[in-house]
Amino acid sequence: METGRESVRTRAFAKINLGLEILGKREDGYHLLRSGMQTISLADELVLTKTEEEGVHLLCDRPSLPTDERNLAVRAALAVFRHCALKGGIRIELRKQIPEEAGLGGGSADAAAVLRALRILYALPLSDAELRALALPLGADVPFLVAGGTALAEGIGEELSPLPALPPCELVVVKPPFGSSTKEVYAALTLSAMAPWEQPDVTLLKNALRGQNLTLLGASLQNALESPAMELKPELIDYKRFLTGSGALGAAMSGSGAALYALFAADERNKALACIAAGQQQFPEAAFFLCRPVSTEEVSASTV
């Protein structure tokens, strides 16, 4: 089924991990995890336009990124075209804001945004659950990013259950001038050597969200991947110390890094801005972003 529309514009929201616990490893090599997931206002922008020429054609303003099937946005579009037997082709114009190798789900967010956008552009009768089924082969974060908001991800990331929304707050995200390899971080992870406090307490996270208690939330932001990531990139320790010393309610690395974030109360915007100003002086080559939580409803409404 097609509509008279020829193009849609959408946003691909980054994610942060509100704590990340590693529970074990499957026989196929994938790690079992449990993590609070949250979409944030840092976002890429995409415009999708129908073309008579068959195939998926991606134009990206970041030359370092591939524009063929190595790009998750292209693979997402191909998956929809195959699944729904669509005719013709699509041109995707991608304007990047989310940094690479950051643990912020940039490529996964683009893929999820393409899935949502094609559903609207072609008026496809696909539910969020069906989109998540198409998303899973693309990557562990893509199913969550289809709808975004606040959720608990389990398994390898595909088992999703809703969590109470993150209360209004300010988030300072910093991406160092280097990346982090997910494969290398997981390879350096040794569960048996992990101290109890290096794994987050999911009960604490749930209670903090139910009670809309940002102070308690700040105490539940442990990420089990921080230790191996910091062994590989000791410079990350300096960034973490800076954020925790900035007056934030809590700070953590997102995913496998290299981005970290700090949590401030909604009425502490000036403190968050001061954190960014001081950080830009101390780490002039890093990128700092002032962000806020983004709800499922906002993710849904971002495609026009």
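Tutor: Phe178 and Tyr239 are both buried, a label for residues under 20% relative accessible area, with exposed meaning over 50% and partly exposed in between (1.4 Å probe, protein chains only). The model is predicted, so local features are taken only at pLDDT of at least 70 and side-chain atom pairs only at 80 or more, while totals for chains, interfaces and linings use all residues. Numbering runs from 1 along each chain as its sequence is written, and side-chain values rest on heavy atoms, without hydrogens or water.

Across the whole structure, four aromatic pairs are found. Rings of Phe, Tyr and Trp (its six-membered ring) pair when their centres lie within 6.5 Å; planes under 30 degrees apart are stacked, over 60 edge-to-face, and the rest tilted. Phe178 and Tyr239 are edge-to-face because their planes stand at 80°, with ring centres 6.4 Å apart. This pair joins distant parts of the chain, 61 residues apart: Phe178 sits in the loop between strand E7 (169-175) and helix H5 (182-187), and Tyr239 in helix H9 (residues 235-244). Helices (H or I, at least four residues) and strands (E, at least two) are DSSP runs numbered from the N terminus.

Tyr239 also pairs with Phe283, and here the rings are stacked, at 4.0 Å centre to centre and 20° between the planes. Again distant parts of the chain are linked, 44 residues apart, since Phe283 lies in the loop between helix H10 (269-282) and strand E10 (287-291). Tyr239 has 6% relative accessibility and so counts as buried; Phe283, at 10%, is buried too. Ring pairs tie Phe178, Tyr239, Phe242 and Phe283 into a cluster.

Another ring has a charge over it: Lys50 lies over the face of Tyr122, 4.9 Å from the ring centre. The test is that NZ of Lys or CZ of Arg is within 6 Å of the ring centre and within 35 degrees of the ring normal.

Next come the salt bridges, defined by a side-chain nitrogen of Lys or Arg within 4 Å of a carboxyl oxygen of Asp or Glu. That rule gives 13 of them. One of these joins Arg269 to Glu170, with the closest N and O atoms 3.6 Å apart. It links helix H10, which holds Arg269, to strand E7, which holds Glu170, across 99 residues. Arg269 is partly exposed at 43%, whereas Glu170 is buried at 11%. Lys271 and Glu268 form a salt bridge at 3.3 Å, N to O; Lys271 is partly exposed at 34% and Glu268 is buried at 18%. Asp44, Lys96 and Asp110 are linked in a network of salt bridges.
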